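This report goes through sheets, cores and charged pairs in turn. Keep the structure in view while reading.

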Amino acid sequence: MTTVFIKGLGLIGSSLVKAIRAQHPTFKIIGNDVDEKTCSYALEHKMIDQAATDLEEAAGADFIILATPVSTIINDLQQLAKLPLKKRVIITDVGSTKQEVLKAAIPLQKKGITFIGGHPMAGSHKTGVTAGRIDLFENAFYFLVETESNNSECLQLQNLLQGTKVKWLLISPKEHDQLVGQISHLPHIIASSLVNQTQHFFEDSPLGMRMAAGGFKSITRIASSDPVMWSAILQSNSKIIVQQIHQYIRELENINHAIENNDQTRIFSFFESAKITRDQLGPEKVGQLPDFFDLFINIPDKVGAIADITHLLALNQINLVNIHILEIREDIDGVLQLTFMRKEDRIQAENKLSQNNYVVLRRD
């Protein structure tokens, strides 16, 4: 029997477990988490077959997955190097930075143990074992970091995680950390900074934060992510992130200078350049991370309006991955953002909703 040991049953870990369970129902899955209630939940819902209390229980596993904050992954790799592991065990992680993790795996590799660094480019502002879902990674890129492992071992890992339905991408540790620093780590810092600055700005005006909706809520959504995880990420990718923060500050200083001098040409260019670049993002671009497909519709501010829409989509078997109320104000129609994984689903949804007299505002 193939045994999988996974440490960390939060959003990513629990989603991986569900994907493995669906694809390989006969595999034995052993789970470990610092929170006993998390392990109990996973056992109760048959996500795992056994709860482990210590990393030493990974000694008999065929696969070991480390799905914890990066600082913990580094410590666990050091501990695993001291354990009598199976000769052909494959160890992997899902950490958001890779250079420090790969350094920590060197003692294991010197012993002939296979380590393959990994990072699924998918997530949510929701956290914990209850947030895990089997389709979290579907159509997302899953980075595998270039190591000394051979193709056979990579194929074994890909087969284990086949149920995630990801797109595999091989990358170097340095390129990975630079890429995720710019498109993931820096945006989280910016979102959190904006929330904190807005909170301070409205210290004497409680109404201000209550009114913060629409664009503010959309751009700061990721600020709700786990602070423990993000503290560890910034610590392990600090050099690259500091450089990117300085570059971002220069961008702010440039637009600040243009505003102070009423330089309308530079101000217009600032927004125009951003719009052109943002409008070009999408799944059809080679090398781009997969995007979602959004539909924005008017909905009346009345009881049952959202339920009617979701019921209509369900009747037509249209898969809806997210729903977001952008703005609801008394006596004015609200704006409902519907998010789909596939372009075909959005097109079908738009046709069905239009046939039922819903007004489509725009599609992204």
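Strand 7 and strand 8 run antiparallel and are joined by three bridges. The model shown here is a predicted one.

Another open sheet has six strands, in the order 3-2-1-4-5-6, and its pairing is parallel. Thr92 stands opposite Ile116 in strand 6. Helix 3 packs on this sheet and touches strand 1 (3–7), strand 4, strand 5 and strand 6. The direction of helix 3 makes about 150° with that of strand 4. In general, strands of a sheet pair through backbone hydrogen bonds, and the pairing is either parallel or antiparallel.

Next come the nonpolar cores. The largest nonpolar core has 32 residues. Phe5, Ile64, Leu77, Leu80, Leu85, Ile91 and Leu108 touch the most other members of this core. Two or more residues come from each of strand 4 (63–66), helix 3 (70–80), helix 4 (99–104), strand 8 (141–145) and helix 10 (227–236). Which element gives the most to this core? Helix 3 does, with five residues. Apart from this core lies another, of 31 residues, including Val4, Phe27, Ile65 and Leu144.

Leaving aside neighbours within four places in sequence, Phe5 is in contact with Ile30, Asn32, Ala52, Asp54, Leu55, Glu57, Ala58, Ala61, Phe63, Ile64 and Ile65.

The last topic is charge. Side chains of opposite charge can pair when their charged atoms come close. How many salt bridges does a search of the whole structure find? The search finds seven. The table gives some of them.

| Salt bridge | Closest N and O atoms |
|---|---|
| Asp49 and Arg21 | 3.2 Å apart |
| Asp93 and Lys98 | 2.9 Å apart |
| Arg342 and Asp345 | 2.9 Å apart |

The pair of Asp49 and Arg21 links distant parts of the chain, 28 residues apart. Asp49 is in the loop between helix 2 (36–44) and strand 3 (50–51), and Arg21 is in helix 1 (residues 11–23). Asp49 counts as partly exposed because its relative accessibility is 42%. Arg21 has 19% relative accessibility, and residues under 20% are buried, so Arg21 counts as buried.

Are Asp93 and Lys98 buried or exposed? Asp93 is buried, with a relative accessible area of 0%, and Lys98 also counts as buried, at 0% relative accessibility. In the remaining pair of the table, Arg342 is partly exposed, with a relative accessible area of 42%, whereas Asp345 counts as buried at 5% relative accessibility.

Key
Residues numbered from 1 in each chain as written. Predicted model: local features only at pLDDT ≥ 70, side-chain atom pairs only at ≥ 80, totals over all residues. Heavy atoms only, no water. Core = buried A, V, L, I, M, F, W, Y, C linked by side-chain atoms within 4.5 Å. Buried < 20%, exposed > 50% of the residue type's maximum accessible area, 1.4 Å probe, protein only. Helix = DSSP H or I, 4+ residues; strand = E, 2+ residues; numbered from the N terminus. Contact = heavy atoms within 4.5 Å. Salt bridge = Lys/Arg side-chain N within 4 Å of Asp/Glu carboxyl O. Pairing = 2+ DSSP bridges. Axes fitted to C-alpha atoms, helices over the stretch in contact; angles between N-to-C directions.
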